[in-house]
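Keep the viewer open as you read.

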Amino acid sequence: MQLKEISLQDIAGLRIGHAQDEVAKTGVTVLAFPQGARAGVDISGGGPASRETPVLSPVTADVPVHAIVLSGGSAYGLAAADGVMACLEERGIGYDTGFALVPILCQSCIYDLGYGSSKVRPNKEMGYQACLHALDCNQHPQGNWGAGIGATIGKLAGMDRASKAGLGIYGVEVAGLQMAAIAVVNALGDVFSATTGEKLAGLTTQDRTDWADSAQALYAFTQSTDLFTRNNTTISAIVTNGDFTKAQLTKLAAMATNAYARCINPVGTLADGDTVYAVSCGSHPADLNMAGTLAAQVLAEAIEQAVVTARISDEEFLANIVGK
């Protein structure tokens, strides 16, 4: 089957928007679903910062999801969800409880406090602005935008040997099934092209003139060490028009995590909070096995885009490390 590349704007029912602090290098990305959507989640990392992910369990009530929020700020960034809820409520978007509309949303955060500023974090206002941009603008730039503005990778030997990453997007359509991935790459390990195996970014040598190997560096630790514990996370969302249940979307999210193994090494450690959401905002019939396989491929492409589109000079990168 021929895969046709598509834009996020081609997927009906999805709106995306960003807000960020250009100086502090932290931000928010909102995926809004004004008509509601079904969703599942897979959390493979050991240190996630998240909000309301249990609502996506197949054994919980089958209520619609109105937004997925991706942000910086570590656990502090969870405050951004309050602004997203306020924005959605103002627009009449939410679950009608009989007494009030309650927007249902989930959020995951990356740890970006070591880059830009450790004192400025996404807050209610930033979340509100990102949601407004999603509902009113529906724009989807890549790289150093939204939740990706403070993303870094290859931090095993410290920030001064790490690389810049960001937010990547990739979407395709095949036989009427649409599938798109949004990835914010803030991994402990190195990032590789799933197609060629080429290292794209990550740990550098001390003089930053060549790549070093994060896996080999990890093997050198023979005793337990902190390793910037919980300072890393790759958070992603798969959005499709496929007609899937919450249980099927949970499996689809789990299959999509194969992209992490193909593109990131090391990955899924206790120092990562890796998470994948899978969201359906359509009713196109599709086979789950095919869709999960496609999700992993699309997410691998988005991870690569997150690195390629976020590249900056060494001088700019080093100048934004906290404490430098």
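## Salt bridges

Asp243 and Arg38 pair up in a salt bridge, with 3.3 Å between the closest N and O atoms; the term covers a side-chain nitrogen of Lys or Arg within 4 Å of a carboxyl oxygen of Asp or Glu. The two residues sit 205 residues apart and link distant parts of the chain: Asp243 is in the loop between strand S15 (233-242) and helix H4 (246-256), while Arg38 belongs to strand S3 (residues 26-43). Helices here are DSSP runs (H or I) of at least four residues and strands (E) of at least two, numbered from the N terminus. Asp243 is partly exposed at 41% relative accessibility, and so is Arg38 at 27%. For these labels, buried is under 20% relative accessible area, exposed is over 50%, and partly exposed is in between (1.4 Å probe, protein chains only).

This is a predicted model, so local features need pLDDT of at least 70 and side-chain atom pairs count only at pLDDT 80 or more, whereas totals for chains, interfaces and linings use all residues. Residues are numbered from 1 along each chain as its sequence is written, and side-chain values use heavy atoms, leaving out hydrogens and water.

The structure has 5 salt bridges. Another of them joins Arg91 and Asp136 at 2.9 Å, N to O. That pair also links distant parts of the chain, 45 residues apart, with Arg91 in the loop between helix H1 (80-90) and strand S6 (95-96) and Asp136 in helix H2 (residues 124-136). Arg91 is partly exposed at 40%, as is Asp136 at 48%. Then there's Asp314 with Arg208, at 3.2 Å from N to O. Asp314 is in helix H7 (residues 314-319) and Arg208 in the loop between strand S14 (199-201) and helix H3 (214-219), so this bridge ties together parts 106 residues apart in sequence. Asp314 is partly exposed at 32%, but Arg208 is buried at 14%.

## Nonpolar cores

Which residues touch the most other members of the largest nonpolar core? Among its 37 residues, the answer is Ile238, Leu299 and Ile303. A core here is a set of buried Ala, Val, Leu, Ile, Met, Phe, Trp, Tyr and Cys residues joined through side-chain atoms within 4.5 Å. Elements supplying at least two residues each include strand S11 (167-174), strand S12 (177-186), helix H5 (258-263) and strand S17 (275-284). Helix H6 (288-308) is on that list too, and H6 gives the most, with 11 residues.

Ile303 has contacts (heavy atoms within 4.5 Å) with residues including Ala183, Val185, Tyr260 and Cys263, leaving aside anything up to four places away in sequence. A second, separate core holds 29 residues, among them Ile16, Ile110, Val279 and Cys281.

## H1 against H2

The axes of H1 and H2 come within 6 Å and cross at roughly 45°. The residues making the contact include Ala80, Gly83, Val84 and Cys87 of H1, and Gly127, Tyr128 and Cys131 of H2.

Ser71 is in strand S5 (residues 65-71). Buried or exposed? Ser71 is buried, at 0% relative accessible area. Its contacts, again skipping residues up to four places away in sequence, include Gly27, Val28, Gln107, Ile110, Pro122 and Ile235.

Conventions. Axes fitted to C-alpha atoms, helices over the stretch in contact; angles between N-to-C directions.
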